[in-house]
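Work through these exercises with the structure open beside you. Try each task before you read its solution.

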Amino acid sequence: MSTAGKKAICLYFQVHQPFRLKRYRFFDLGHDHYYYDDFSNESIMRKVAQKCYLPANKIIMELIQKHKEKFKVTFSLSGIVINQFRLYAPEVLESFRQLAQTGMVEFLSETDSHSLASLRNRTQFEQQVQLHREMVKTYLGVETTSFRNTELIYNDTIGSWVADMGFKSILTEGAKHILGWKSPNYLYCNAINPRLKVLLRNFVMSDDIAFRFSNKSWSAWPLTADKYATWISKLAPKSELLNIFLDYETFGEHNWKETGIFDFLQHLPGAILKKTPFKFMTPSEVAETLQPVSAINVPSSISWADEERDITAWLGNELQLAAFEKLYELSDKVSRCNDEQMRIDWEYLQSSDHFYYMATKFFSDGAVHAYFNPYETPYDAFMNYMNVLSDFEIRLNRQSPDTHEQRQILKLDKQILEKDLVIEKLTAEIQKLNEKRTKILGEDLIIPEKGGKTSLKDLAHKLITVSAEEQPPRNASSGTKKEKTKIVKKTTAKKTTAKKATTGKTVKKKSTAVKSRKIKK
Amino acid sequence: MRVLMFGWEFPPHISGGLGTASYGLTKGMAAIDDMEVTFVVPKAWGDEDQDMVRLIGANKVPVTFKKIYYKGIRRPIEKIEVFSKIVPYTDPDDYWKIVSSESLGKRLIIQTNEMGVTDFSGRYDNNLLDEIYKYSVIASVIAEENEFDIIHAHDWLTYPAGIAAMEVSGKPLVIHVHATDFDRSGGNANPDVYRIEKAGMEAAVKIITVSNLTRDIVINKYNIHPDKVETVYNAVEHVDFSGDQEVKKGFDDKVVTFLGRITLQKGPEYFIEAAYKVLKAMNNVRFVMAGTGDMMERMMRRAASLKITDRFHFTGFLKGKDVYTMLALSDVYIMPSVSEPFGISPLEAMQSSVPVIISKQSGVAEILTHAVKTDFWDIDAMADAIYGILNYPALASMFIRNGMEEVIRLKWDNSARHVRDIYERVIWKK
């Protein structure tokens, strides 16, 4: 076969930062609809950008230029991290864009919100992947052809969905319990749909960099690029494909600059190209170039997390399961809702990180979990998340009621609102009328003192004429009203009998005013 | 190994954590093969079975012997009771209350003994410090008459007794700090108490503290060398609830319980404020403050002024079975202590399948994983935790299941073995 001589190494880096939630107490429910801890999100993003993303991107750019067409890398940026870059570190997004333009970098597709939707709901999953594809296109300017699921979660079914969406290959963990005697260093294909190629992570070689690089008690410490290349060349006779999949934060964040991790990165491609028969390829290239050796059966989900390489880091205890259930119970309602902010919140709330914080396995895998965890205990994480989710549900119910009761409440709410408006209008009217009345009465009180012998009859007439003349021009300014009333008073004193006819009218008007006051009460 | 142990209280007369802890520890020790424990308590309550009491020598201090057999334990624990009106409580305020409520005629009078300590013969001062001194003199008599390898004194009231026994016998003294006066007083330690505590700590070859929290206080506030202080965590007596009939709740509301002395140290006011916050958000919950103390009236007034008395209940002091009934009714147990050297009660709650919220300022927080821990002043966090446990069933069931597993692992046997290990190191060093 033509593939016999070809050996590929695939370097893949995952880039993700969650939107951490702020401390959300239950008494904020229904009042406060902002859930994120802006301070820590921004400061962590800024810190990681300075320590990792920017310097590492710079090195990768230099390596691409130095090795011409020979060095290729692969990235996957979650939709959430793209949004964070846009908010807090646009220069990082720009540097990824520049990497994309070199043509030597492949960007993978994943779920937009780094979610666990693949474990729950196919439509949700597909929607999110579609969303992410569009995001990558918009912000990085490239089309995606290969896929990696959140935390490399994979099983046969997920693989077949991904194949149906038209992806060429998928990345996952070379978990011991699914491989058995097989080696991860070959290309495999999905058990349901063999058109989808499956790339398995070599966790020994990957973790040598990710976890052991700065461990001084490790027998191989210090790890140099040359030493690493020698190991790779030793693997060469019995492998066709070496998959090194890492968190991008391995460079500069999990292993500080002082450990020499950047020097390692700088020299690694050169050493590999020089000392080993491996060529750098991206997953889509691998899928086109290499032949799969067999199908790989993965009936239950695997991931790259913890010792177990399964999904128990996110869905391992009843807290996580309860929160997960609650979250996806809402998905129908969310799909009916078209509020922009709510869609964003829905996306961010799905991020797998929230479930990771609730893991109780931290007793055994404590170090890693604690490192990434903003909460003191999993219980704490659960309570906070559930409070946020409860508020989100309240908002959803306000937006799109689903039970009869809620619809009824919403209807009544509307009615109350309408009635409130009516009441407000009427109150304003009453006030106006009252003002007029007091004004008139005030003037009337002065008259008897002045005139000395004004009769009750005269007063009544005055009132009648005033109201009769005042009613039509309601908006007349108070200044002119006063003048008018004064004029009227003078004239009415003489012509008392002429205006009896108008009496009936004003009485009616008075009674309506009284009625509206009753409504107010 | 023979241990002469000085304590304050012994079942059935237990009024606080100290009695529970020293009893549990002693029981754990007695279960070890070659351990022989002689437990000395000051005679405090007149309602003990007087038939069991035996006097030794008319011209001596009236010392009574009593042998108590516990189920499952090979060796009897020898309990020596000293006639004295020393109250089994550590707070001088409580002491005054008890003294003032007793009529003068009932007082026991200690005879002059042949050592010539005539100062207090026939005279009985209402002074706690005198009592302690008297106890120490009697302790030296006991130390003379008994054979033992090591002396173990529980809390400050017994330190002088321990020192006296040490001086008479020349045997090493280990003191056990269940609380310091800094905990009891909220930071302003009584100078007399402090002096006694410090003297005990200095005289002892080894100091056992119930938590690292207390250990730090001993090291920093009493200037004791860290090497001398070791933490032995308390445990909990395992109670089997399977035989008990189920407690029926007469209402549908959830119950949140505070159980303990209503004093400054226990932080009851934070509980009320948190309750108020929760009640603003949900209706189907009741709060219970079980216990008594000098702050009870103030707490009732506070509840009244917050207008939550229809949902906030006071039960007064609960005893024996009532405690378990209360726990069985509870959905959340809360201990917002301002300063708690250890705190056994949350363990009892966990044993009764009740999720617990404890303050970070408690020693028990050091060993518990499956409990909500908040700062005692953080009312928001406390209210949030109460709300969370009551409203998210997964959380409550997780706490109950894991809490039960966790608490089962806390055994007095382990604590006892740890203490024995300390004894051995102390004796072999000598």
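**Exercise 1.** Is Phe39(B) buried or exposed, judging by the other C-beta atoms within 10 Å?

*Solution.* Start with the ground rules. This is a predicted model, in which local features need pLDDT of at least 70, side-chain atom pairs count only at pLDDT 80 or more, and totals for chains, interfaces and linings use all residues. Residues are numbered from 1 along each chain as its sequence is written, while chains are lettered from A and ligands numbered from 1 in the order in which they are written.

Next, take the cut-offs. A residue is buried if 20 or more other C-beta atoms lie within 10 Å of its own, exposed if 12 or fewer, and partly exposed in between; C-beta atoms are placed from the backbone. Now count. Phe39(B) has 24 other C-beta atoms within 10 Å, so it is buried.

Then locate the residue. Phe39(B) sits in strand β2 (residues 36–43) of chain B. Strands (E, at least two residues) and helices (H or I, at least four) are DSSP runs, numbered from the N terminus. Finally, compare sequence with space. Phe39(B) and Met5(B) are 34 residues apart in sequence, but their C-alpha atoms are 4.7 Å apart.

**Exercise 2.** Describe the surroundings of Thr144(A).

*Solution.* Thr144(A) belongs to the loop between α4 (122–140) and β4 (146–148) of chain A. Second, count. Thr144(A) has 21 C-beta neighbours inside 10 Å, so it counts as buried.

Third, list contacts. Two residues are in contact if their C-beta atoms, placed from the backbone, lie within 7 Å. Leaving aside residues up to four places away in sequence, Thr144(A) touches Phe107(A), Leu108(A), Ser109(A), Arg133(A) and Val136(A).

**Exercise 3.** At what angle do helices α1 (residues 38–66) and α3 (residues 90–101) of chain A pack?

*Solution.* Begin with the axes. They are lines fitted to C-alpha atoms, for helices over the stretch in contact, and angles run from 0 to 180 degrees between N-to-C directions. Here the angle is about 20 degrees, and the axes are 10 Å apart.

Now name the arrangement. Angles under 35 degrees count as roughly parallel, over 145 as roughly antiparallel, 65 to 115 as roughly perpendicular and the rest as oblique. That is why α1(A) is roughly parallel to α3(A).

Last, look at the residues. α1(A) brings Ala49(A), Tyr53(A), Leu54(A), Asn57(A), Ile60(A) and Met61(A), which meet Val92(A), Ser95(A), Phe96(A), Gln98(A) and Leu99(A) of α3(A). The contact has eight nonpolar, three polar and no charged residues. Here Ala, Val, Leu, Ile, Met, Phe, Trp, Tyr, Cys and Pro count as nonpolar, Asp, Glu, Lys and Arg as charged, and the others, Gly among them, as polar.

**Exercise 4.** How do α8(B) and α12(B) cross, and which residues make the contact?

*Solution.* Take the geometry first. The axes come within 8 Å and cross at roughly 55 degrees. That makes α8(B) oblique to α12(B).

Then the residues. α8(B) supplies Tyr270(B), Glu273(B), Ala274(B), Lys277(B), Val278(B) and Ala281(B), and α12(B) supplies Ile379(B), Met382(B), Ala383(B), Ile386(B) and Tyr387(B). By class there are nine nonpolar, no polar and two charged.

**Exercise 5.** How many residues does each chain give to the contact between chain B and chain A?

*Solution.* Chain B gives 14 residues and chain A gives 12. On the chain B side, α8 (268–281), α12 (379–391) and α13 (393–408) each give two or more. The largest share, five residues, comes from α12(B). That side of chain B divides into eight nonpolar, two polar and four charged residues.
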